[in-house]
Amino acid sequence: MMIGGGPAGQERPARLLLVDDDSNLLVLLAEQLRDDGYDVATARDGVEALRRLEGGWPDLAIIDMMMPRLDGLSLAREIKARADLPIIVLSAIDAADSKAELLDEVAEDYVTKPYHYPELRARINRVLRRLGDRLPGQRVVLGPALVLELHRRSATVNGVAVVLTPIESRLLYALAANLGQTVATETLLLRGWADTEDADPSYVWVSMRRLRTKVEVDPNHPRHLVTVRGVGYRLEVEPT
Amino acid sequence: MSGSGLRVRITIAVMVAALLPVGAFGLLLLASGSAGAVTLVLTALVVAALVGLAVGGLLVGGIVGPLRALEARLDRITAGERVEPLPQLPDDELGRLAERQEELAADLGRRNRQVARAVDAITAWAPADGAAVLLERAATDAREALGLIDARIVLGDPDAIEIEERVPGEPRPVSADLLSGRDMAGVLLGHAPATMRWEPADQDLLELFAASVAVALRDAELLARVEQQNARLVALDAEKDDFLRGISHNLQTPLARIRAYADQLAAEAEAAAAVAAAAVEAGADSGAGARTAGASGEPDRRPAIIAEQSERLSRMVRQLLTVSRLDSGVLRPVAEVFALGPRVRRAWEALGAGEVPFELVDEAGGWLALADPDQVDQVLWALLDNAVKYGGGAAVRVRVALDAAAGQVAVTVADEGPGISDADREQLFARYARGGRTEERDGTGLGLYVGRALARANGGELALEPPSPGSRTSARLGAGAGAAFTLALLAEAPTEG
């Protein structure tokens with residue numbers, strides 16, 4: 001994947017930092033990613049990873065959860081404390097694990113081991129694609145009754161905290177990055193389901209309907225999540 | 001004694017006292033035979049009777065009136081009403097009676113207040129405060145509620161605790177055992193003011209208070225023990241979670257390595273097969289290709305099989321982890337939307353049972369399931385894996401159906417295995433249950449147990465279809481009888497909204 005914004009607008013390969021104490025896997029995965037055109041740096045533990053970061057920031061870090069010296073979660077927290085670098089956690093922990101909740105704080109995504117390489121690559125690309133989407137801040141206030149806190153995968157609706165799923169969070173992220181503008185259904189599909197081959201626009205439709213029941217005070221008369229029929233969706237700030 | 005009875009008796013007594021001397025004098029006068037004696041005696045008797053009546057009336061008024069007032073006052077005290085102090089009464093029997101009544105009312109009022117304070121104190125104790133805090137509070141409460149000079153609680157065997165002797169003129173030492181059921185926890189010790197009368201009722205109240213302290217202490221200790229055990233259980237659970245996480249990591253890491261290398265080898269085999277096929281076509285000898293591809297140019301399946309089997313192992317490890325989470329009640333499904341048909345197809349491909357015929361009929365009409373995709377994958381994998389294991393190589397048939405009215409999509413996985421006996425049907429979803437049809441098979445015996453739990457955690461259901469008339473009657477077990485499991489999940493229509 002190429003990232004824009006280089007000298008004179010030239011595109012450059014995405015820079016990845018890969019951190020895993022399993023050196024065999026590290027070398028193999030780095031090779032696979034390099035073959036796919038990424039610029040890959042590797043580190044065998046958290047301490048080495050932090051040293052590498054001093055030499056320059058990658059576009060994305062892929063971190064193993066369980067490592068000696070500095071574990072993945074602590075490393076991810078260290079990184080996030082320094083800069084908003086997107087992180088994918090590679091871990092034997094699955095979504096139902098209690099520690100998975102902690103990952104939500106620090107990781108954009110996580111992939112469970114043993115991973116399927118094409119799936120991992122799709123997730124890397126999805127996160128990199130989101131680099132173009134920048135939110136004005138961690139809290140997006142859309143009105144007196146709705147505040148989004150997407151880094152925590154949550155929203156506050158009428159003072160009540162609502163938990164968002166990872167995909168809902170991604171969709172809202174894409175919409176919030178383009179506040180007041182219509183985002184095409186196809187774009188949302190790519191943001192939400194880049195790693196799902198058979199996803200079609202109905203995934204977006206149904207997810208948006210469900211999102212409305214979560215974030216709108218009256219889902220039948222939405223004030224924030226607006227459908228632009230046949231085109232896409234728009235996130236609006238409620239006029240005061 | 002009623003007031004009217006007393007009144008009559010006093011009046012009669014006074015009248016008798018007045019009439020008796022007059023009557024005796026009259027009899028003597030009549031015996032002397034004096035003229036006009038009869039008239040005189042009769043007059044004297046009438047006068048004596050009248051005087052007796054008047055004096056009796058006065059006496060009755062002076063005695064019965066105050067007695068009635070005292071009786072009414074006693075009724076009010078008994079009813080728990082507050083009464084005004086009596087006016088100053090003469091120093092006679094009535095006065096003393098009233099004084100005693102006054103003291104009784106005061107004592108009763110004091111005890112009522114003590115009981116109320118004791119009850120307030122006892123109800124304010126909370127086992128969660130802990131035994132130490134409770135002991136301190138209970139001693140203070142005993143002092144304040146029972147009007148003692150000081151109070152303290154000494155824990156231990158009451159027989160071993162020294163009880164102070166009473167010294168006249170000094171504050172009175174009081175004590176009561178902390179008795180809860182048959183257990184003696186200690187003694188409540190204190191001093192009552194020397195001026196305070198320590199009646200049996202006061203001792204009773206002290207003992208009641210001490211018994212309540214003993215009960216509260218026992219509750220606090222029990223709660224502390226329960227909390228300690230809870231904390232220990234939480235710690236053990238966390239340790240178990242850590243242990244399982246470690247085991248999982250240690251198993252999944254080499255599996256990840258195997259999987260990655262196998263994928264790489266499979267990709268190389270595919271490339272080599274393409275080269276070999278091209279070489280065959282060109283009629284040239286394909287040295288490199290021949291190593292990883294068959295003479296026909298077909299890619300070597302072995303790396304793919306290694307990948308599939310490592311995936312299979314990995315799923316079994318995950319299944320064990322899921323069981324542990326079921327035990328802890330922390331499944332945390334994250335519901336997303338997805339089409340069930342393609343998910344079934346992918347699960348089948350991941351199973352690597354290419355030699356078994358597979359048929360998928362998708363009649364979901366585009367409806368999307370609402371469930372945790374990873375957890376649904378686990379259920380599908382278990383169902384398909386079972387169908388392959390017990391199908392004896394016969395076709396596995398899957399149908400995805402829509403129940404729009406119920407807002408559900410359901411996937412039914414049917415095999416053509418030997419079927420399931422009625423006895424096994426009952427046990428099939430129990431943990432480690434395998435039933436007669438699984439004795440000689442591999443696996444964890446957890447697939448259906450985990451599958452049903454996951455389905456339910458996602459608001460759905462996993463059930464074994466009843467034997468239909470024909471091939472799946474339980475009476476006709478044997479090759480081809482077959483079994484069908486249906487996983488039903490919540491779903492939504494694919495309409496733009």
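Which residues in α7(A) meet which residues in α8(A)? The legends below begin with this contact. The model is predicted: local features require pLDDT of at least 70, side-chain atom pairs count only at pLDDT 80 or more, and totals for chains, interfaces and linings use all residues. Residues are numbered from 1 along each chain as its sequence is written, while chains are lettered from A and ligands numbered from 1 in the order in which they are written.

**View 1. Helices α7 and α8 of chain A cross at roughly 85°.** Helix α7 (residues 185-193) and helix α8 (residues 201-215) of chain A have axes that come within 9 Å. Axes are lines fitted to C-alpha atoms, for helices over the stretch in contact, and angles run from 0 to 180 degrees between N-to-C directions. Helices (H or I, at least four residues) and strands (E, at least two) are DSSP runs, numbered from the N terminus. The pair α7(A) and α8(A) is therefore roughly perpendicular; this class covers 65 to 115 degrees, with angles under 35 roughly parallel, over 145 roughly antiparallel and the rest oblique. From α7(A), A:Thr185, A:Leu188, A:Leu189, A:Gly192 and A:Trp193 meet A:Pro201, A:Tyr203, A:Val204 and A:Ser207 of α8(A). By class, this contact has six nonpolar, three polar and no charged residues. Contact requires C-beta atoms, placed from the backbone, to lie within 7 Å. Ala, Val, Leu, Ile, Met, Phe, Trp, Tyr, Cys and Pro count as nonpolar, Asp, Glu, Lys and Arg as charged, and the others, Gly among them, as polar.

**View 2. The sheet of chain B has the strand order β1-β3-β2.** This open sheet of three strands shows antiparallel pairing, where a pair needs at least two DSSP bridges. The edge strands, β1 and β2 (172-180) of chain B, each pair on one side only. On average, neighbouring strands of this sheet are turned by 20° against each other, direction ignored. Nine bridges join β2(B) to β3(B), and B:Ser180 has B:Asp183 in β3(B) as its bridge partner. Helix α5(B) packs on the sheet, touching β1, β2 and β3 of chain B, and its direction makes about 40° with that of β2(B).

**View 3. Helix α4 of chain B lies across β1 and β3 of chain B.** The helix runs at about 145° to β1(B). Helix α4 (residues 131-146) has 16 residues and reaches 21 Å from its first C-alpha to its last, close to the 22 Å expected at 1.5 Å a residue; the expected span is 1.5 Å times one less than the number of residues. Its buried residues are B:Leu134, B:Ala138, B:Ala139, B:Asp141, B:Ala142, B:Ala145 and B:Leu146. A residue is buried if 20 or more other C-beta atoms, placed from the backbone, lie within 10 Å of its own, exposed if 12 or fewer, and partly exposed in between. Their cover includes α3 (93-124), β1 (150-155), β3 (183-192) and α5 (200-282) of chain B. B:Gly147, with a positive phi near 70°, follows α4(B).

**View 4. Chains A and B meet through 30 residues from chain A and 35 residues from chain B.** On the side of chain B that touches chain A, α5, α7 (302-328) and β4 (336-338) of chain B each supply at least two residues. Helix α5(B) gives the most, with 14 residues. The residues of this side divide into 13 nonpolar, 10 polar and 12 charged.

**View 5. B:Pro467 is found in the loop between β9 (461-464) and β10 (483-492) of chain B.** B:Pro467 counts as buried because 21 C-beta neighbours lie inside 10 Å. B:Pro467 and B:Ala481 are 14 residues apart in sequence and 9.0 Å apart in space, C-alpha to C-alpha.

Definitions and conventions:
Contact = placed C-beta atoms within 7 Å.
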